[in-house]
Amino acid sequence: MNRAPHIAGSCVVCGSTDARGLCTTRLEGGAHVVVCGSHELMHRRSEAPASSIAALIAMAGERRQRDERRGEGGDALGDALSAAFANRDRSGIDRRSADQ
């Protein structure tokens, strides 16, 4: 059975120390750094390799957009769910506590 070599340390990006998920990635200059599998995949899929650990951390920064992403028409399903559950009168009894 082929085993991956033991990698000591933690992910230089997120600090994960779970050895089962650690691997290495190669920076632009050829240096290998320890990263978790998620950050290795992100680095591998990037357009160009990071030149330093700082560049790798910046590359892996928050990638989700904080602005509205629904576009012109809005989100019909989200609107329907919001309308369905908005202003529902509760009997004052929480079902979870009533069943106990």
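**Group meeting: a walk through the predicted model**

Let's start with one residue. Thr25 counts as buried, at 8% relative accessibility. Thr25 sits in strand 1. Keep in mind that this is a predicted model.

Now the partner. Which side chain makes a polar contact with Thr25? That of His43, at 2.6 Å. His43 lies in helix 1, which covers residues 37-45. His43 is also buried, with a relative accessible area of 5%.

Thr25 then contacts Ala31, His32, Val33, Val35, Glu40, His43 and Leu56. For His43, not counting residues up to four places away, the list is Thr25, Arg26, Pro49, Ala50, Leu56 and Met59. Leu56 is in the list for Thr25, and Leu56 is in the list for His43.

Step back to the whole chain. It has 4 helices and 2 strands. From the N terminus, the order is β-β-α-α-α-α. There are 100 residues, and 16% of them are buried. The accessible surface comes to about 8,400 Å². Carbon and sulfur atoms hold 48% of that surface. What about contacts across the sequence? Take those between residues at least 6 apart; 21% of them join residues at least 24 apart.

Next, the strands. Strand 1 spans residues 22-26, and its pairing with strand 2 is antiparallel, over 5 bridges. Thr25 faces Val33 in strand 2. Cys23 faces Val35, also in strand 2. The hairpin has 5 residues between the strands. Which residue there takes a positive phi? Gly30 does, near 105°.

Is strand 2 mostly covered or mostly open? Mostly covered: 4 of its 5 residues are buried.

The largest nonpolar core has 11 residues, including Cys11, Leu22, Leu27, Met42, Ala50, Leu56 and Ala60. Val33, Val34, Val35 and Cys36 belong to this core as well. Strand 2, residues 32-36, supplies the largest share, 4 residues. Beyond its neighbours within four places, Met42 contacts Leu56, Met59 and Ala60. His43, the residue we started from, touches Leu56 and Met59 among others.

Last topic: charge. Side chains of opposite charge can pair when their charged atoms come close. How many salt bridges does the structure hold? It holds 2.

One joins Asp18 and Arg20, at 2.8 Å from N to O. Asp18 is partly exposed, at 35% relative accessible area. Arg20 counts as exposed, at 76%.

Arg44 pairs with Glu40, with the closest N and O atoms 2.9 Å apart. Arg44 is exposed, at 55% relative accessibility, whereas Glu40 is buried, at 16%.

To close, go back to the opening pair. Thr25 in strand 1 and His43 in helix 1 are joined by that 2.6 Å polar contact. Start there when you open the model.

Methods
Residues numbered from 1 in each chain as written. Predicted model: local features only at pLDDT ≥ 70, side-chain atom pairs only at ≥ 80, totals over all residues. Heavy atoms only, no water. Buried < 20%, exposed > 50% of the residue type's maximum accessible area, 1.4 Å probe, protein only. Contact = heavy atoms within 4.5 Å. Areas by Shrake-Rupley, 256 points an atom, 1.4 Å probe, with all protein chains shown as cover. Core = buried A, V, L, I, M, F, W, Y, C linked by side-chain atoms within 4.5 Å. Pairing = 2+ DSSP bridges. Polar contact = N/O pair within 3.5 Å; in protein donor to acceptor, adjacent residues only side chain to side chain. Salt bridge = Lys/Arg side-chain N within 4 Å of Asp/Glu carboxyl O.
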